[in-house]
Amino acid sequence: MCGIVGLFLKDDSLSPQLGGMLSEMLVTMTDRGPDSAGIALYGASEGSSFKVTVQSDDPATGFNGLAAHLSAATGSPCRIEEKSTHAVISTDGDNAEKLVAHLRDAHSALRIMSTGDSMEIYKEVGLPKDVAARFNINQMSGTHGIGHTRMATESAVTTMGAHPFSTGADQCLVHNGSLSNHNSLRRRLRRNGVHIETENDTEVAAAYLTHRMNQGRNLGEALEDSLDDLDGFFTFVVGTKNGFGVLRDPIACKPAVMAETDQYVAFGSEYRALVSLPGIDTARVWEPEPANVYFWER
Amino acid sequence: MPTIDLAQDGLRALNKTLQKAARDVAATQSNETDWTIENPKGSHAIAVGLDGPIEVTVAGSTGYYCAGMNKEASINVHGSAGPGVAENMMSGTVVIEGDASQYAGATGRGGLLVVKGNAASRCGISMKGIDIVVHGNIGHMSAFMAQSGTLVVCGDAGDALGDSLYEARLFVRGSVKSLGADCIKKEMRPEHIELLTDLLERAGSDAKPEEFTRYGSARQLYTFNIDNASSY
């Protein structure tokens, strides 16, 4: 199973409600997967600021004095905003590479959830309502976001096995289904120097798309490529800094419903995830076609 | 005309009430035949297991398995239906005013399912006597292993129509993306025009029977034959 929700706003006046709307959609999907839940939110980027979302199993120790330490180690000011087990570290864009490298080398107890100018990822083991409440998701604003509630099949129920997966700056992917060629593809990508953290099949799909985009393909083209290279069942919803994409495999066993109005594009594993959205009664509602890339950009 | 608000009463109470009403009407112990369900909001398993001639109007869209195992009842969904609508229907009528998701009418043994919009993949999979009329298009792998009954498509059909087909009759007005293994085009005879005329009329479609093409089983894959291994 697994439940997916996604919301891509066209009307900025809905931005303050993005977190609230996404949380409500995700909680509706709880019975599709109660193992873990996560949300990726794209907020407005602030000037040249760069963000890293990290997670700690022991936030009291893990985040204590972290901002001062990172500022000293990278030579640029780093700010930190704690949210339960997660913390968003902000720094100047020029300091991005140094910060991420330092976090990987010197803070291996911290897990990097996401990096980028505008995206933050919050995910934990537990029910969607608890995960959303823990991180105050319904208070968050933004332009687009993706949520996932997981029924685990291909790897353990852990924070790192929860969705969304992010393998590139401001890129994220959620998945309903299971991939059968993820081991061979993971080896191939690693040989090409792609960093893959877990043994999870979905992370391989995310890393594959990141790799294709690094080779110059846009999100839509990378999704087209995945139809040839990924074997298995999948409904994907992906986000980039400006884009929102949906793809189902050619067999299309995994359910998907979309809705579009002048104000938004929405995705739900089931229609009931969409029923609270404004104007849903008059929205264009349809089931995305198999093996057809749907892709919006702002 | 009683109305049930699903948001207030919950699913179990709803189905219990409708099932009792259907039984009572069938036993002529009640004449409460018209029921309306409000606030379906994509909920699963709405109006399932009805066994009696009542008429149910669902005011909105439904989720998985609406109208499953229906017997004698008429169920009309004023919206779209999620996966598995009218699954294993025995008799009666189910009408979807909008679209139907995958495997609409799967394994149905009798009755009439009408989809006024499009139906997604696997429509009529393993059908065993049900009649299905889709006003729009249908998706891939429809009528897979269909055994008997009739599938009428006023629009186009997706890939692998009628794969491993037994004796179900398939009629498509538009194009067929591809035929499945052992499914072939067949001649339209007067009895097929007669059958279509009746079904289209009952389904509220003004399509002309003469515009349809009939597809059926080539009957080459009924029993396992090693020479056919590549076709299975």
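**Domains, chain contacts and salt bridges in a predicted model**

The side chains of K241(A) and D117(A) come together in a salt bridge, with N and O 3.0 Å apart.

Visitor: Before we go further, what kind of model is this?

Guide: It is a predicted model, and everything below should be read with that in mind.

Visitor: Okay. How is chain A divided?

Guide: Chain A is split into domain 1, which takes in 3–44 + 126–297, and domain 2, which covers 45–117. The C-alpha centres of these two domains of chain A lie 24 Å apart.

Visitor: How many residues are in contact between those domains, and what area is buried?

Guide: On the domain 1 side of chain A there are 13 residues in contact with 15 residues of domain 2 of chain A. The area buried between the two domains is about 1200 Å², and carbon and sulfur atoms give 51% of that.

Visitor: How many salt bridges does the rule find across that interface?

Guide: Across the interface of domain 1 and domain 2 of chain A the rule finds one salt bridge, and between these domains there are also three residue pairs in polar contact, with both residues at pLDDT 80 or more. The residues on the side of domain 1 that touches domain 2 in chain A divide into five nonpolar, five polar and three charged.

Visitor: Now the two chains. What area is buried between A and B?

Guide: Between chain A and chain B about 920 Å² is buried, with carbon and sulfur atoms giving 49% of the area, and the contact takes 13 residues from chain A and twelve residues from chain B. Y271(A), R272(A) and E287(A) supply 41% of the area that chain A buries against chain B, which is more than any other three residues.

Visitor: And how many salt bridges or polar contacts are there between the chains?

Guide: The count of salt bridges between chain A and chain B is zero, whereas eight residue pairs are in polar contact between them, both residues being at pLDDT 80 or more. By class, the side of chain A that touches chain B has nine nonpolar, no polar and four charged residues.

Visitor: What does G42(B) touch, leaving aside its sequence neighbours?

Guide: Once the neighbours within four places in sequence are set aside, G42(B) is in contact with Y271(A) and R272(A) from chain A, and with S61(B), T62(B) and G63(B) from chain B. G42(B) lies in the loop between β2 (34–38) and β3 of chain B, and at 0% relative accessibility G42(B) counts as buried.

Visitor: Changing topic, where is the cis peptide bond?

Guide: A cis peptide bond joins H163(A) and P164(A), with omega about 0 degrees, and P164(A) is found in the loop between β8 (144–150) and β9 (165–168) of chain A.

Visitor: Which residues of helix α8 in chain A are buried?

Guide: In α8 (residues 219–229) of chain A, the buried residues are L219(A), G220(A), A222(A), L223(A), D225(A) and S226(A), and what covers them includes α7 (201–214), β11 (232–239), β12 (243–248) and β16 (294–297) of chain A. At the start of this helix, a side-chain oxygen of N218(A) reaches to within 3.0 Å of the backbone nitrogen of G220(A).

Key:
Residues are numbered from 1 along each chain as its sequence is written. Chains are lettered from A and ligands numbered from 1 in the order in which they are written. This is a predicted model: local features need pLDDT of at least 70, side-chain atom pairs count only at pLDDT 80 or more; totals for chains, interfaces and linings use all residues. Side-chain values use heavy atoms; hydrogens and water are left out. Domain bounds come from an automatic or database domain assignment. Contact means heavy atoms within 4.5 Å. Buried area is the accessible area (1.4 Å probe) that two parts lose on being put together, summed over both. A salt bridge is a side-chain nitrogen of Lys or Arg within 4 Å of a carboxyl oxygen of Asp or Glu. A polar contact is a pair of N or O atoms within 3.5 Å; within protein, one must be able to donate a hydrogen and the other to accept it, and residues adjacent in sequence count only if both atoms are side-chain atoms. Ala, Val, Leu, Ile, Met, Phe, Trp, Tyr, Cys and Pro count as nonpolar, Asp, Glu, Lys and Arg as charged, and the others, Gly among them, as polar. Helices (H or I, at least four residues) and strands (E, at least two) are DSSP runs, numbered from the N terminus. Buried means under 20% relative accessible area, exposed over 50%, partly exposed in between (1.4 Å probe, protein chains only).
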